[in-house]
Amino acid sequence: MASSSSATPLLYACIAHNTTVLAEHTASASSNASSLVSLVLPRLTHTSSTHKTIDQNQFFIHCLIKSPSDFPTAQSSAGGLTFLVIAERDLGQRIPFGFLTNLEKKFFAEFEASETDFTHLPPYGCASFNGALKRLMVEQGSTVQGQQDALRTAQREIEGVREIMTENIERVLERGEHMSVLVDKTGRLGENARDFRVRSRTLKRRMWWKNVKLMVLLILVVIFLIYLFVGFGCGLPGWSRCLGH
């Protein structure tokens with residue numbers, strides 16, 4: 001385990017694949033911060049990429065958790081990585097997460113996800129990165145310039161999330177507009193359906209009366225024809241043959 005006496009509020013940092021620590025550095029030999037890692041790593045899941053802060057009394061444990069969905073299939077082993085730093089509570093969250101983002105970039109620059117199978121690496125399989133990890137902890141934990149760099153990185157991350165949220169909100173609003181159009185079209189269809197029903201009932205009544213009139217006319221014609229047929233047999237117009245006059 002690499003260690004140093006450099007004074008920095010970033011007490012411990014490591015890169016782990018699931019529960020296997022690949023690289024680490026302890027800034028304070030008197031701190032028991034590193035002993036917490038064996039308790040924390042088994043509790044982390046990689047179903048989705050996330051930032052997580054765990055409160056451990058005098059420390060905050062900050063984790064940048066990667067998910068297989070963040071990488072192409074050929075690089076999916078990188079989805080099991082966790083970038084972790086244990087920091088003093090007074091440091092807050094922005095500097096530690098800015099540090100973790102910079103740590104991730106430096107780590108992947110040295111161990112490319114496309115060329116490294118992190119699943120089969122042994123414990124401390126990336127120990128060659130310990131020196132770079134130490135330098136980054138000292139720089140971004142104890143120097144003003146380094147902390148400002150970490151803050152700028154964290155701010156860029158926040159802006160990126162804000163842009164994604166804005167884009168998502170715009171999509172929701174756009175869907176809302178589409179829904180309004182659909183509601184308007186549905187309303188018009190409903191009105192058209194009501195008009196159609198009214199016109200159908202009116203037309204049905206007209207056809208019924210037309211049929212009634214036709215039936216009455218047909219009955220009158222039949223009665224008239226019967227009258228003529230019988231009348232010719234009985235001697236119209238006096239009906240003399242049938243009345244016996």
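## Loops, salt bridges and surface patches

Asparagine 18 counts as partly exposed because its relative accessibility is 38%. Buried means under 20% relative accessible area, exposed over 50%, and partly exposed in between (1.4 Å probe, protein chains only). This is a predicted model, where local features need pLDDT of at least 70, side-chain atom pairs count only at pLDDT 80 or more, and totals for chains, interfaces and linings use all residues. Residues are numbered from 1 along each chain as its sequence is written, and side-chain values use heavy atoms, with hydrogens and water left out.

Asparagine 18 sits in the loop between strand E1 (10–17) and strand E2 (20–26). Helices (H or I, at least four residues) and strands (E, at least two) are DSSP runs, numbered from the N terminus. Asparagine 18 is not a glycine, yet its phi is positive, about 55 degrees. Most residues other than glycine have a negative phi. Tyrosine 124 also has a positive phi, about 60 degrees. Tyrosine 124 lies in the loop between H2 and helix H3 (130–142). Its relative accessible area is 39%, so tyrosine 124 is partly exposed.

The structure holds two salt bridges. A salt bridge is a side-chain nitrogen of Lys or Arg within 4 Å of a carboxyl oxygen of Asp or Glu.

| Salt bridge | N to O distance |
|---|---|
| Aspartate 55 and arginine 89 | 2.5 Å |
| Lysine 66 and glutamate 104 | 3.0 Å |

Lysine 66 is in the loop between strand E4 (59–65) and E5, and glutamate 104 is in helix H2, so this pair ties together parts 38 residues apart in sequence. Lysine 66 counts as buried at 10% relative accessibility. Glutamate 104 counts as buried at 15%. In the other pair, aspartate 55 is partly exposed at 46%, and arginine 89 is partly exposed at 33%.

Helix H2 (residues 94–110) has 17 residues. Twelve of them are buried, so H2 is mostly covered. Among the buried residues are Phe97, Phe99, Leu103 and Phe107.

Helix H4 spans residues 144–234 and holds arginine 206. Arginine 206 is exposed, at 59% relative accessibility. A positive surface patch includes Arg206 along with Arg194, Arg197, Arg201, Lys204 and Arg205. Patches are made of residues with over 30% relative accessible area and no salt bridge; like charges are joined within 9 Å, and nonpolar side chains (Val, Leu, Ile, Met, Phe, Trp, Tyr) within 5 Å. Lys and Arg count as positive and Asp and Glu as negative; His and the chain ends are not counted. The place of a charge is NZ of Lys, CZ of Arg, CG of Asp or CD of Glu.

Conventions: Areas by Shrake-Rupley, 256 points an atom, 1.4 Å probe, with all protein chains shown as cover. Expected span 1.5 Å × (residues − 1).
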